[in-house]
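Dear colleague,

My notes on its helices, aromatic rings and selected residues follow.

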Amino acid sequence: SIKEHFRVISLLTGRPNFEKRYAYLSKNLELDKPHKFPAILSGGNKRKLCTALTLLASPRLAFFDEPTTGLDPISRRNLLKLVKSSRASVLFTSHRLDEVEYLCSRVAILQAGKLIYD
């Protein structure tokens, strides 16, 4: 279930008291009911769950590969706010320059595998 995923990640990362962080992340990302299984979630909800699980561990460095794909505008905004407020250094890939502008202090643009802007 969704909540069990949080429990496992919290144990693996040495943060056994995950309930408060789970409540905060699931509320802000509007995750589905805690008893649902991730396999039946929509693509957008799966991305929100992956983001929440990443942020659960309060990482110093986080990687996000187009985390807002398939999300409605409000969910996109909420996800980006959480990532920005996490204080983690972030490697963030996106085709949406508005998201990049909001979140990033340094931008590199690749085309056909070559760096064309930094």
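**Helix packing**

Helices α1 and α2 are oblique to each other, a class that takes in whatever is left once angles under 35 degrees are called roughly parallel, over 145 roughly antiparallel and 65 to 115 roughly perpendicular. Please note that this is a predicted model, in which local features need pLDDT of at least 70 and side-chain atom pairs count only at pLDDT 80 or more, while totals for chains, interfaces and linings use all residues. Residues are numbered from 1 along each chain as its sequence is written, and side-chain values use heavy atoms, with hydrogens and water left out.

Helices (H or I, at least four residues) and strands (E, at least two) are DSSP runs, numbered from the N terminus. Two packed helices are described by the angle between their axes and the distance between the axes. Here the axes are lines fitted to C-alpha atoms, for helices over the stretch in contact, and angles run from 0 to 180 degrees between N-to-C directions.

For α1 and α2 the packing angle is about 130 degrees, and the axes are 11 Å apart. The crossing of α1 past α2 is right-handed; a crossing has this hand if the near helix is turned clockwise from the far one by less than a right angle, and is left-handed if anticlockwise. Contact means heavy atoms within 4.5 Å. On the α1 side, Ile2, Lys3, Phe6 and Arg7 meet Glu19, Tyr22 and Leu25 of α2.

Helix α3 (residues 43–56) packs against α1 at an angle of about 30 degrees, with the axes 10 Å apart. The two helices, α1 and α3, are therefore roughly parallel to each other, and α1 passes α3 in a right-handed crossing. Ile2, His5, Phe6, Ile9 and Ser10 in α1 meet Leu49, Ala52, Leu53 and Leu56 in α3.

Between α3 and helix α4 (residues 73–85) the angle is about 15 degrees and the axes are 11 Å apart. That makes α3 roughly parallel to α4. In this case the crossing is left-handed. Lys48, Thr51 and Leu55 of α3 meet Ser75, Leu79, Leu82 and Val83 of α4.

**Aromatic rings**

A pair of aromatic rings is described by the distance of the centres and the angle of the planes. The structure holds two aromatic pairs. Rings of Phe, Tyr and Trp (its six-membered ring) pair if their centres lie within 6.5 Å; planes under 30 degrees apart count as stacked, over 60 as edge-to-face and the rest as tilted.

Phenylalanine 6 and tyrosine 22 form an edge-to-face pair, 4.7 Å centre to centre with 75 degrees between the planes. Because phenylalanine 6 lies in helix α1 (residues 2–12) and tyrosine 22 in helix α2 (residues 19–28), this pair ties together parts that are 16 residues apart in sequence. The ring centres of phenylalanine 18 and tyrosine 22 are 6.4 Å apart and the planes are at 70 degrees, so this pair is edge-to-face. Phe6, Phe18 and Tyr22 form one aromatic cluster.

Phenylalanine 18 is buried at 4%.

**Selected residues**

Leucine 25, in helix α2, counts as buried at 0% relative accessibility. Residues up to four places away in sequence not counted, leucine 25 touches Phe6, Ala52, Leu55, Leu56 and Leu82. Leucine 25 and leucine 56 are 31 residues apart along the chain, with 7.7 Å between their C-alpha atoms.

Glycine 44 is found in helix α3 and counts as buried at 10% relative accessibility. Neighbours within four places in sequence aside, glycine 44 is in contact with Thr69, Gly70 and Leu71.

Arginine 87 has a positive phi of about 70 degrees although it is not a glycine. It lies in the loop between α4 and β2 (89–93) and is exposed, at 80% relative accessibility. Alanine 112, also not a glycine, has a positive phi of about 50 degrees. Its place is the loop between β3 (109–111) and β4 (114–117), and at 78% relative accessibility alanine 112 is exposed.

With kind regards

Note on methods. Buried means under 20% relative accessible area, exposed over 50%, partly exposed in between (1.4 Å probe, protein chains only).
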